[in-house]
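Good morning, and thank you for coming. Please look at the sequence and the structure together while I speak.

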Amino acid sequence: MISLIVNGQTHELDVTEDMTLLWVLRDYLNLKGTKYGCGIAECGACTIHVNGEPELSCQMAVEDVIGKKITTIEGLPDDHPVKQAWIKEQVPQCGYCQPGQMMKAASLLAKDKNPNEETIVEHMDDHLCRCGTYLRVKKGVAAASEIMREKGGQS
């Protein structure tokens, strides 16, 4: 049995240590928000947070996250500025890549409450969106930053 801390809850799982975290999240914990996009760490659809840092779950073995805090899109509070901004700005088109985009945006805003356009583009640049909503993603990150400032920096 392997113990994982996901979205603040400890889970005891009967999986092998070399199993990919993405499939543990989706198939064993039923956390379907984390998406399988490419399986080769090129698209970002499977982005989660491990100890607060964005990571690609399709390339992580379970043994790499034992004892670490894992957060998926389901663990990001509903009132998180990124979730609020994505709705306000109508960022998604099909939505498939958006959980990964949102997790990546949340990681940026946790470190930089007021990123400029260049910083946003640089931080989000490694995420692919088949629908091409890059301008809306950029606008969403900026809107989330504004919401955070209005709330006094809370995330």
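Helix H4 (residues 117-124) packs against helix H5 (residues 134-150) at an angle of about 120 degrees, and their axes are 10 Å apart. That angle makes H4 oblique to H5; angles under 35 degrees count as roughly parallel, over 145 as roughly antiparallel, 65 to 115 as roughly perpendicular, and the rest as oblique. The axes are lines fitted to C-alpha atoms, for helices over the stretch in contact, and the angles run from 0 to 180 degrees between N-to-C directions. H4 passes H5 in a right-handed crossing, a crossing being right-handed if the near helix is turned clockwise from the far one by less than a right angle, and left-handed if anticlockwise.

This is a predicted model, in which local features need pLDDT of at least 70 and side-chain atom pairs count only at pLDDT 80 or more, while totals for chains, interfaces and linings use all residues. Residues are numbered from 1 along each chain as its sequence is written, and side-chain values use heavy atoms, with hydrogens and water left out.

I turn now to the charged side chains. How many salt bridges does the structure hold? There are 5, where a salt bridge is a side-chain nitrogen of Lys or Arg within 4 Å of a carboxyl oxygen of Asp or Glu.

One of them joins Lys-111 to Glu-53, with the closest N and O atoms 2.8 Å apart. Lys-111 lies in helix H3 and Glu-53 in strand S4 (residues 53-56), so this pair ties together parts that are 58 residues apart in sequence. Lys-111 counts as exposed, at 56% relative accessibility, whereas Glu-53 is partly exposed at 35%. For these words, buried means under 20% relative accessible area, exposed means over 50%, and partly exposed is in between (1.4 Å probe, protein chains only).

Another salt bridge is formed by Lys-104 and Asp-126, at 3.1 Å from N to O. This pair also links distant parts of the chain, with Lys-104 in helix H3 and Asp-126 in the loop between H4 and H5, 22 residues apart. Is Lys-104 buried or exposed? Lys-104 is buried, with a relative accessible area of 11%, while Asp-126 is partly exposed at 44%.

Asp-78 and Lys-83 form a further salt bridge, their closest N and O atoms being 3.6 Å apart. Here Asp-78 is exposed at 68% relative accessibility, and Lys-83 is buried at 13%.

Let us finish with two other places. Gly-44, in the loop between H1 and strand S3 (47-50), is buried, with a relative accessible area of 4%. The C-alpha atoms of Gly-44 and Glu-55 are separated by 8.7 Å, and the two residues are 11 residues apart along the chain.

Trp-23, in helix H1 (residues 21-28), is partly exposed at 31% relative accessibility.

How values were computed: Helix = DSSP H or I, 4+ residues; strand = E, 2+ residues; numbered from the N terminus.
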